[in-house]
4 protein chains.
Amino acid sequence: MQRRVALIGASGYTGVELTRLLASHPNVELAVASSDRWVGESIEGKVGAPSALRYVSLDEAVAQAASCDLAMLATPAEASMALVPKLLAAGPRVIDLSGAFRLRDATLYPTFYGFEHGHPELLANAFYGLPELYGPERAAARRDFRLVANPGCYATAIQLALCPLLGLSTLAHGAAGRIIVDAMSGVTGAGRKAAEEYSFAEIAGDLRAYRALRHQHQPEIEQGLNDMWNEGTAHPRVSVTFVPHLLPVQRGILATCHIPVSSGTTAETVGYVYRTAFEREPFVVLAKSADDVALHDVVGTNRCRIGWSVSDRGELVVTAAIDNLVKGAAGQAVQNLNLMLGLDERTGLAGLRSFHP
Amino acid sequence: MQRRVALIGASGYTGVELTRLLASHPNVELAVASSDRWVGESIEGKVGAPSALRYVSLDEAVAQAASCDLAMLATPAEASMALVPKLLAAGPRVIDLSGAFRLRDATLYPTFYGFEHGHPELLANAFYGLPELYGPERAAARRDFRLVANPGCYATAIQLALCPLLGLSTLAHGAAGRIIVDAMSGVTGAGRKAAEEYSFAEIAGDLRAYRALRHQHQPEIEQGLNDMWNEGTAHPRVSVTFVPHLLPVQRGILATCHIPVSSGTTAETVGYVYRTAFEREPFVVLAKSADDVALHDVVGTNRCRIGWSVSDRGELVVTAAIDNLVKGAAGQAVQNLNLMLGLDERTGLAGLRSFHP
Amino acid sequence: MQRRVALIGASGYTGVELTRLLASHPNVELAVASSDRWVGESIEGKVGAPSALRYVSLDEAVAQAASCDLAMLATPAEASMALVPKLLAAGPRVIDLSGAFRLRDATLYPTFYGFEHGHPELLANAFYGLPELYGPERAAARRDFRLVANPGCYATAIQLALCPLLGLSTLAHGAAGRIIVDAMSGVTGAGRKAAEEYSFAEIAGDLRAYRALRHQHQPEIEQGLNDMWNEGTAHPRVSVTFVPHLLPVQRGILATCHIPVSSGTTAETVGYVYRTAFEREPFVVLAKSADDVALHDVVGTNRCRIGWSVSDRGELVVTAAIDNLVKGAAGQAVQNLNLMLGLDERTGLAGLRSFHP
Amino acid sequence: MQRRVALIGASGYTGVELTRLLASHPNVELAVASSDRWVGESIEGKVGAPSALRYVSLDEAVAQAASCDLAMLATPAEASMALVPKLLAAGPRVIDLSGAFRLRDATLYPTFYGFEHGHPELLANAFYGLPELYGPERAAARRDFRLVANPGCYATAIQLALCPLLGLSTLAHGAAGRIIVDAMSGVTGAGRKAAEEYSFAEIAGDLRAYRALRHQHQPEIEQGLNDMWNEGTAHPRVSVTFVPHLLPVQRGILATCHIPVSSGTTAETVGYVYRTAFEREPFVVLAKSADDVALHDVVGTNRCRIGWSVSDRGELVVTAAIDNLVKGAAGQAVQNLNLMLGLDERTGLAGLRSFHP
């Protein structure tokens with residue numbers, strides 16, 4: 001049976017990616033797609049996806065979503081915050097790809113997103129949809145959730161890299177030290193932009209840090225790590241120093257992660273931990289070392305590739321790579337859709353072809 | 001008076017850059033340039049620099065260098081190791097751009113460079129030429145040095161970023177913690193390569209770490225930091241966790257540096273330290289924050305741009321950018337040449353035009 | 001029923017693309033894949049395609065191909081020339097992606113391919129597989145062909161752009177004038193290369209013509225045009241001035257074509273001709289003008305996009321774009337496979353996702 | 001003696017390039033630089049050029065220009081059209097880098113530039129400043145001109161490639177045929193843009209034609225060719241079919257030119273013609289063939305590189321490359337400044353370093 005899905009915000013980079021995935025998904029009928037800029041144009045003509053649908057306005061899409069099984073929002077966070085309660089009230093379950101419902105602590109929104117959260121009551125009930133971290137039980141439970149907050153792109157790569165290691169970390173025992181992550185993202189992570197600073201002439205050949213120590217994914221990552229860490233026991237709260245960088249590529253995130261571990265930790269120990277954590281995960285690929293993880297390994301796919309190296313001096317570095325538009329956004333949203341609809345998690349995602357020549 | 005300079009290894013990327021700088025240097029006569037691949041071709045025809053010289057073979061260049069004031073080597077480390085003693089014996093003073101004479105501890109060479117050092121006796125007398133770190137006195141003293149080891153590209157950016165901060169660091173007082181540096185370099189840092197892994201099809205759109213925790217600039221950086229730190233007092237030895245990445249750009253290095261500092265350290269404190277360290281340095285530019293440092297700010301020039309940010313939680317991040325072929329190689333070599341010849345440090349370097357449109 | 005296919009030469013860029021397409025093709029079992037460099041490695045590990053197969057050596061692949069329905073060769077032309085007769089003798093039908101069997105005139109091989117053709121007797125019986133140009137009847141007939149020569153990448157784009165226009169051309173009536181084509185290709189068109197001239201540092205930011213007026217696709221294009229043109233009547237032979245350029249992108253060809261047309265020819269006339277030629281072709285998309293054709297429209301897909309503009313002065317320009325690795329190589333080979341096996345031409349190709357964000 | 005120069009429009013890509021060139025020019029004092037967006041900021045801080053000047057508003061710059069020897073405008077064409085008469089009236093001689101005064105026929109402006117020309121009386125007296133084409137006498141005469149129209153980027157490369165060949169062309173004798181030029185430009189040719197279509201995500205990996213058959217440089221090129229051609233004799237008027245393309249590089253233009261020539265024309269004949277035309281030109285470099293001309297050969301410099309190939313069939317193709325911001329704009333403007341001030345044409349331009357690693 002085809003489940004009817006409404007896509008709100010179909011013309012951003014994430015929206016286009018999601019349109020293509022949904023249009024090819026065997027168990028989904030893409031029933032509604034909104035784009036104020038492309039109203040009346042055909043999906044096939046604009047993005048080459050096999051669909052007979054035409055774009056409608058946001059208002060019309062929200063109205064039509066009432067008759068859908070699921071609404072997916074690829075809208076900016078502030079727009080999502082306003083739209084999600086209306087959509088939930090109208091009927092469909094919701095997957096929101098923005099940050100609007102990822103943080104449980106509403107007081108963080110003004111600082112990190114620039115707006116007061118108007119619906120803090122929904123935050124507690126939004127499920128944070130990072131499937132690999134919450135295991136089969138939770139995945140099953142997700143069938144009952146009405147609102148899934150799809151994780152951020154950086155947050156996906158970094159939590160997949162760090163969460164399994166928390167047990168190895170000296171931080172878990174209250175030792176001093178820090179988790180440090182430098183991550184680099186392709187420009188589509190910033191969304192579709194008519195801005196001089198994102199022009200080819202400015203980006204090509206360049207690299208720079210941005211929002212260093214104050215990116216909105218930092219509290220999202222810390223929330224995830226502390227959820228994981230403190231489960232069952234009382235550990236000191238950990239924090240992550242996070243510096244994102246803007247990379248002259250179209251797609252892909254590489255996160256280079258440094259976490260202090262007990263002396264005597266070896267690459268083998270780390271490998272055992274990762275294999276245990278991810279042995280049944282179809283979208284996590286373990287690499288031979290920190291050097292064996294490249295954007296090219298993942299771009300175009302829903303995979304996260306993770307590698308690690310340990311020096312003779314006990315330094316551990318972990319690298320994790322994803323496609324920011326797939327595993328970091330639209331692909332993970334489809335993964336969540338699959339879980340919510342009781343489908344195999346890989347449906348519509350397993351055959352995604354790598355973009356690397 | 002023109003000083004006669006011999007350039008050994010003129011056809012690598014560093015060699016080409018150095019050729020262009022020397023050909024335009026007002027106090028230098030580029031008297032010899034070797035390139036086995038371009039023997040007999042004209043410098044003007046191959047690299048567009050204003051010179052009537054033609055390339056000669058390595059053997060011929062070494063012979064001709066005897067009559068020069070200075071020999072500059074842009075050869076691989078193992079080749080430099082063998083050539084430098086011959087050149088010194090023949091007469092000219094020497095600036096070596098490879099790593100062959102940068103480390104004082106000869107036992108590090110097999111691990112980090114892959115060869116036994118055949119001339120350990122020269123290591124103690126090679127001057128490590130990072131001008132901004134050794135002050136005016138040493139610059140003066142340099143006029144007497146016969147062999148200058150020109151620093152590595154990563155090592156230049158990272159030492160300029162970190163050395164001034166050592167006094168602020170909790171590490172200076174024996175506290176636990178680590179200095180962590182993730183750095184990204186354009187492909188010319190790897191030299192001229194006929195290798196599939198450096199082909200456009202493999203590099204464009206990609207990013208990956210390489211030689212994570214085992215790059216040959218790590219001991220060079222640590223030697224520099226410990227030289228600085230321990231001057232006069234007995235501090236614990238510090239180490240640096242260093243992960244280089246290969247970036248899909250032609251030129252430029254960005255180093256993102258994390259150093260633990262005492263609580264209460266502010267952006268203003270850090271700024272005071274940097275201004276004190278670099279107030280008279282023509283090639284160091286201080287930026288407004290860690291976000292305000294981009295490859296585009298420095299590519300084509302001999303400048304190092306440094307920015308820093310401190311979070312409310314006391315995290316400090318420092319970014320430093322250089323052009324790996326200029327301040328990270330050929331430009332710094334000319335800076336050293338100027339100092340060795342008693343010229344203004346800026347000669348031939350001040351007018352270098354930025355490559356950023 | 002699954003048809004067994006052997007892929008010879010699976011590790012070049014075309015071979016990798018074809019591996020991914022075959023591994024996902026619903027009616028094909030990828031039974032053999034050869035790669036001397038990757039012998040023993042798994043297809044899934046190397047290229048991320050869903051297959052349990054491991055690479056075998058060329059010799060082993062040729063032996064195993066005997067039990068396959070079809071052998072596909074993504075080998076260099078000289079290698080194909082030697083392998084195809086052996087494979088045909090051993091049993092399977094053959095699709096050769098090289099130029100070895102595209103030209104009927106064996107005397108052209110020394111000039112354009114650099115070798116004497118050792119099997120000229122096969123040239124007359126090789127079918128030149130550009131499906132859109134040979135219509136449904138020939139497509140049907142193709143089921144009987146044993147050897148299909150898959151067209152070259154430039155030749156595909158240029159023939160699709162020019163062949164329908166021959167009737168409009170003044171050249172058809174013996175008038176003076178020329179067809180001129182300037183085309184630009186991404187670097188994967190040159191194959192996997194460990195060559196300095198294809199390194200990122202040399203290609204990024206560059207553009208140059210190569211093999212101007214002497215590229216091996218020129219006789220292929222002219223053969224195709226003259227086959228089409230002279231059908232049934234006696235027209236003067238036409239020639240094409242062809243200048244290819246190397247573009248700093250990974251994939252994609254844009255061909256800009258100039259053909260003299262009778263005065264009074266309008267954009268509407270041209271549009272009528274193209275619509276008539278391609279109305280039933282699933283992989284040809286007609287654009288609004290010559291400006292409305294970009295690599296981004298086609299990269300990742302099996303589509304050819306064609307646009308045209310006519311000036312007030314009667315100048316006609318046609319632009320055509322394809323992905324050189326898909327419609328220009330592996331995708332068209334699968335299209336030919338579909339026709340040879342009596343399948344819908346679109347099988348395994350219709351859902352290919354665009355790479356454009 | 002330093003000549004005082006006012007630069008109007010200093011923050012576009014051409015303006016920045018010109019700022020850097022003027023700030024380093026030995027006979028020029030950059031006395032005024034306008035940029036409404038950067039008012040009050042220092043030139044050194046914004047573009048790294050050695051100057052103590054700060055940007056002023058357009059109005060202030062025009063006022064201050066009265067006391068300068070020369071005003072240079074890097075403003076859009078419509079702005080230049082309005083500003084130039086005011087500046088001329090105020091005193092300084094003027095070099096305008098826009099198209100506002102390049103065409104003698106005012107009726108072409110609405111079609112090609114989108115505005116009515118408000119000062120057609122100035123068109124006849126504006127000198128079209130392509131130095132290599134007008135020889136030493138005209139260069140001398142230029143000292144008397146008060147308004148120089150600096151040529152367009154495409155128009156520079158294409159006229160340098162084609163003008164010397166007119167005598168060889170069959171078109172000169174009234175034969176049928178066409179001159180066809182396909183040219184490709186880096187994105188800085190479009191100026192500084194805050195437009196989605198010029199964003200990195202849209203440009204990287206792409207190529208497309210734009211303004212095919214209707215670009216504003218077409219009448220400029222034809223005016224130049226016909227000026228040259230008809231000098232002294234009565235030839236039929238020639239036209240040029242011109243298709244520009246947008247290239248994913250920052251700088252550089254490559255023009256691929258096709259001109260019909262008499263049978264028997266050889267590469268040697270063509271070479272003789274070019275050598276005769278350009279033997280004394282410091283900025284024209286003749287290459288070995290059409291394949292031997294790359295953006296990398298010229299980017300960063302004021303050079304135009306020209307190569308040609310002739311096939312056995314008598315086809316001639318000429319490629320010409322320039323840096324669109326240097327020889328195609330700011331560098332050529334400095335060349336014109338030198339001529340107007342009676343300086344050596346190479347002043348401030350000879351030492352420009354190539355950007356190619």
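Which residues does B:Thr156 touch, not counting residues up to four places away in sequence? In this predicted model, local features need a pLDDT of at least 70 and side-chain atom pairs count only at pLDDT 80 or more, whereas totals for chains, interfaces and linings use all residues. Residues are numbered from 1 along each chain as its sequence is written, chains are lettered from A and ligands numbered from 1 in the order in which they are written, and side-chain values use heavy atoms, with hydrogens and water left out.

With contact taken as heavy atoms within 4.5 Å, B:Thr156 touches B:Leu130, B:Pro151, B:Ile322, B:Lys327 and B:Gln332. B:Thr156 belongs to helix H8 of chain B, which covers residues 153-162, where helices (H or I, at least four residues) and strands (E, at least two) are DSSP runs numbered from the N terminus. The relative accessible area of B:Thr156 is 0%, and the residue is buried, a term that stands for under 20% relative accessible area, with exposed meaning over 50% and partly exposed lying in between (1.4 Å probe, protein chains only). Between the C-alpha atoms of B:Thr156 and B:Gly300, which are 144 residues apart along the chain, the separation is 16 Å.

Chain A contains 13 helices and 13 strands. Its radius of gyration is 20 Å, close to the 21 Å that the globule rule gives for 357 residues, so chain A is as compact as a globular protein of that length; the radius is taken over C-alpha atoms, and the rule is 2.2 Å times the number of residues to the power 0.38. The C-alpha trace of chain A spans about 60 × 45 × 40 Å along its principal axes, and buried residues make up 65% of its 357 residues. Of the contacts in chain A between residues at least 6 apart in sequence, 68% join residues at least 24 apart.
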